[in-house]
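Open the model in your viewer and keep the selection tool at hand. We will go stop by stop.

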Amino acid sequence: MKAVVFHKPKDIRVETVEDPRIEESRDAILRVTSTAICGSDLHIYNGMIPQPTSMVIGHEFMGIVEEVGPGVKNLKRGDKVVVPFPISCGTCHFCNMQLPTHCENSNHNTYGPEGEILQAKGAGAALFGYTDLYGGYSGGQAELVRVPFADYGPRLVPEGFTDEQVLFLTDIFPTGWAAIDWAELKGGETVVVWGCGPVGVMAMKSAWLQGAGRVIGVDIQPYRLNIARNSANAEVINAAEVDAVEVIRQMTGGYGADVCVDAVGMEADRSVLDKALNVIQMEKGSMDALESCLSAVRRGGTVTVVGVYGSPYKFPLYKWFDKGIKMMGGQAWVHRYIDNLISLVQDGKVVLDDIITHNVPLSEASRMYDIFNKKQDNCMKVVLKP
């Protein structure tokens, strides 16, 4: 089959690789009909999260069931499904707590209690196509993909929906939803989302759906700010032109936002000096976006983090303590949310495909990674067609 293969940072190619096969009784083989490039894929592409050997990448995908193992009774050949990006068994201690990103049984290589992903037994549940640290499973930017625990993860696509209408149920919509769910809105809050990329815009859409009274997006790319304004009905702030924290305080009577969402993570835009300091401090990337959230949130407010961080940082503990900020972050609990989110799409309460800017054949993946990474051609979201 054809697949997108990571070889080393900035070196991604579409190549012919061996077809996947059923390996466990709860496996399924999926013929991929649509897959997307995620901002998290860029962490591998840019070497922020290490991958020492070649692997098929990609964790946002959907398709048609080709084959199922004997333990899969709820799917059959020909079913069209979307697949959550975490790989979870559905039966372990953490899955029973509806915490699928902490599944004990999917990441056999590095799973453990520590939370230090670069240490032995320190990482969480496996993720599709997301390095050996997270299970080493081949991803879905391919013509075919093996789906473990297929009786638990995949969800049937409602009749009459295109791939593009439901594809983002795999990751970015549940991730945006999680960012707001974790904030436990009571209704009427001012929510500021740092980062107007795909996840950030989905967080803005989710904020309205969960009762926010005001939604503000912050970014430095005009085209992303325009999409946030038009797709998520958000007020926007260009942090390249103004001090976003001060503007947010001005907009909120001097207090700050009730909720700030970090949808940027470690690949925030940095100056040359910042990059030099990161090297000296042995940090990968930056936590500038999180520090901005901690400054912009009001006292007693909430900060949630769905942007990825992959190394230790010097954290402003004093600020968190003095302001009494509630914090929550991590990978989204897709299995917990997805059925409700499918219903929102079915009921017409949310549109997901209006952020797609590039819909191209899988063969163009290498070129599109470069464009997406460089933020060229107003590239917001890329869908690949195998």
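In which order do the three strands of the open sheet lie? The order is E2-E1-E4, and the pairing is antiparallel. Strands (E, at least two residues) and helices (H or I, at least four residues) are DSSP runs, numbered from the N terminus. Two strands pair if DSSP finds at least two bridges between them.

Before moving on, note that this is a predicted model: local features need pLDDT of at least 70, side-chain atom pairs count only at pLDDT 80 or more, and totals for chains, interfaces and linings use all residues. Residues are numbered from 1 along each chain as its sequence is written, and side-chain values use heavy atoms, with hydrogens and water left out.

Stop 1: E1 and E2 pair in the antiparallel sense over six bridges. Click Val 5: its bridge partner in E2 is Arg 13.

**Stop 2: Ser 40.** Find Ser 40 in the loop between strand E3 (28-37) and helix H1 (41-45). Is Ser 40 buried or exposed? Ser 40 has a relative accessible area of 17%, so it counts as buried. Buried means under 20% relative accessible area, exposed over 50%, and partly exposed in between (1.4 Å probe, protein chains only). Show its contacts (heavy atoms within 4.5 Å). Beyond its neighbours within four places in sequence, Ser 40 touches His 59, Tyr 130 and Val 308.

**Stop 3: helix H4.** Select residues 172-181. Nine of the 10 residues of H4 are buried, so the helix is largely enclosed by the rest of the structure. Among the buried ones are Phe 173, Trp 177 and Ile 180. The buried residues of H4 pack against elements including strand E5 (60-68), helix H5 (198-209) and helix H11 (334-346).

**Stop 4: the cavity.** A search of the whole structure finds one cavity of 30 Å³ or more. On a 1 Å grid over the protein atoms alone, a cavity is a set of points where a 1.4 Å probe fits but cannot get out; lining residues have an atom within 4 Å of a point. Grid points are joined across faces, edges and corners, and a volume is the space filled by probe spheres set on the points. The largest cavity has a volume of about 50 Å³. Select its lining, including Phe 128, Phe 149 and His 335.

Technical notes
1 Å grid on protein atoms, 1.4 Å probe; cavity = no way out; pocket = protein on both sides within 12 Å on 5 of 7 lines; lining within 4 Å.
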